[in-house]
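User: I'm new to this one, could you walk me through it?
Analyst: Gladly, here is the model, and we can go topic by topic.

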Amino acid sequence: MACRRLLLASVLALLTGIAPVEAARHEDVTELLGIDGGKAGRASEIGVPSAANTSKVDSDTDLTASAHGAHHGEDTHQGTGAHHHAYSVVDIAVGVCFVGFVLVMTLTLLLANHSDDDVRAAAYFMVSQTVSIFCAVTIDGVMGEEIISRVKVKGDFWTGVVLRALYGLSLVVTVFVRVARTESKVPMMATGVLGGHLVGYAALQVFGPLQRHFDKHAITTIVVCVSLYYIILRAMLWCFEFLIQDSGEARELKIKTIHECKEDAFAFCNGFLLAQASKFYILGFIPEMHCQPQGRSQQEITKLFCVVGLYSLIVCVLAPLKKFAHVISLAQRTAGMAAAWLLVFAGEWQLFREAETPSYASGIMLVTFANTMVGYALVVSLDFVADRKWIRPSSVRAVISLVAAMVGISWEKAFHEADHAVASGLDSKYRWRSGG
């Protein structure tokens with residue numbers, strides 16, 4: 001089973017991870033796409049028929065309408081109630097997921113081919129974040145759990161933490177060496193983005209349990225974890241700069257990619273730790289990342305949304321200042337990731353309070369669909385605000401990045417539940433066939 005899941009993760013990382021992830025850097029989107037914003041839209045470049053060639057589309061529509069009418073004629077002839085039947089809860093859940101998938105795919109294509117360059121950049125960034133996080137979560141779920149299960153130390157907390165830490169360090173080495181040895185620009189950028197999420201998620205699996213273990217000292221634990229993580233990344237970055245044998249622009253590009261990878265990993269992990277600490281001061285305890293969100297009061301949910309607003313305000317304030325100091329840039333990214341994590345958690349709390357879902361997994365997928373729809377709407381709205389310069393554009397762009405990260409994290413939780421559901425089903429089928 002683990003081999004199948006690892007194969008799935010590897011194929012997705014190699015085949016689908018590169019293309020969307022390569023456009024993750026906002027300033028490089030136009031160059032990577034190779035499209036002039038002043039020319040005709042993307043529709044003509046991907047083969048979508050123009051207005052002058054719609055006769056075939058119209059005829060196809062007529063044929064579809066005729067078939068649809070014939071279908072209704074048969075239903076009418078047989079009786080009005082012959083076609084309908086009772087739907088189970090599973091049917092409804094599957095139908096919602098199917099309709100949601102179609103809507104998400106349609107809106108993604110719409111925004112990816114939008115006439116506005118900034119909207120297209122945000123759409124590509126959102127897709128790349130989602131694909132990258134999916135690959136990172138799947139690979140980490142296979143490799144990390146496999147390492148711990150192989151040595152049979154699931155009950156030993158500290159041994160598990162040490163093994164997780166060693167696995168995280170091996171990922172840092174692998175990603176940095178890969179970037180240093182890659183010559184082509186696009187695979188290098190893809191490795192940097194995917195590697196940042198891989199390293200960040202691995203670190204999250206180390207420091208998250210430590211934070212819950214020392215929940216009475218949440219702030220002290222965060223300070224120690226953040227400092228230790230930054231020192232480790234900084235030291236390894238300094239070491240791997242010597243492995244880069246290129247000179248001139250090629251060397252600068254590789255160093256920049258490694259720096260971006262380090263900052264993505266740092267913000268992804270520490271934003272989660274800040275989000276967990278915020279939930280601790282609201283709930284009085286630190287829940288797990290994939291915990292049951294039911295039973296939250298409206299007052300607790302309101303407080304969590306207020307914390308999201310606070311972190312978003314910090315992002316807006318620090319965004320114009322990040323060019324003055326590197327620490328300000330790190331603080332702005334970390335605050336943005338904390339707001340993104342908290343937005344996902346707050347959405348889960350609100351939905352599970354207001355609605356009853358067939359299962360926890362179906363509720364998470366419904367939250368993911370809602371967050372994606374809201375994210376798309378916010379991207380278009382915030383881009384409109386940035387273009388009019390009603391608010392400082394750099395601050396608005398930072399909030400757009402926050403929203404894109406929120407969508408990616410939402411899909412991470414949906415991927416986690418779907419992965420466990422599929423793995424459970426396949427394991428049950430395998431045990432049934434083997435007679436176990």
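Analyst: Phenylalanine 207 touches Cys225, Leu228, Tyr229, Cys269 and Leu273 (contact is heavy atoms within 4.5 Å), leaving aside residues up to four places away in sequence. This is a predicted model, in which local features need pLDDT of at least 70 and side-chain atom pairs count only at pLDDT 80 or more, while totals for chains, interfaces and linings use all residues. Residues are numbered from 1 along each chain as its sequence is written, and side-chain values use heavy atoms, with hydrogens and water left out.

User: Which residues have the most contacts inside the largest nonpolar core?
Analyst: They are Phe176, Phe207, Tyr229 and Trp341, in a core of 92 residues. A nonpolar core is a set of buried Ala, Val, Leu, Ile, Met, Phe, Trp, Tyr and Cys residues joined through side-chain atoms within 4.5 Å, where buried means under 20% relative accessible area and exposed over 50%, with a 1.4 Å probe and protein chains only.

User: And which helix gives the largest share of this core?
Analyst: Helix H10, residues 249-283, contributes 14 residues.

User: Switching to H11, which of its residues are buried?
Analyst: Among them are Ile301, Leu304, Val308 and Tyr311.

Key: Helices (H or I, at least four residues) and strands (E, at least two) are DSSP runs, numbered from the N terminus.
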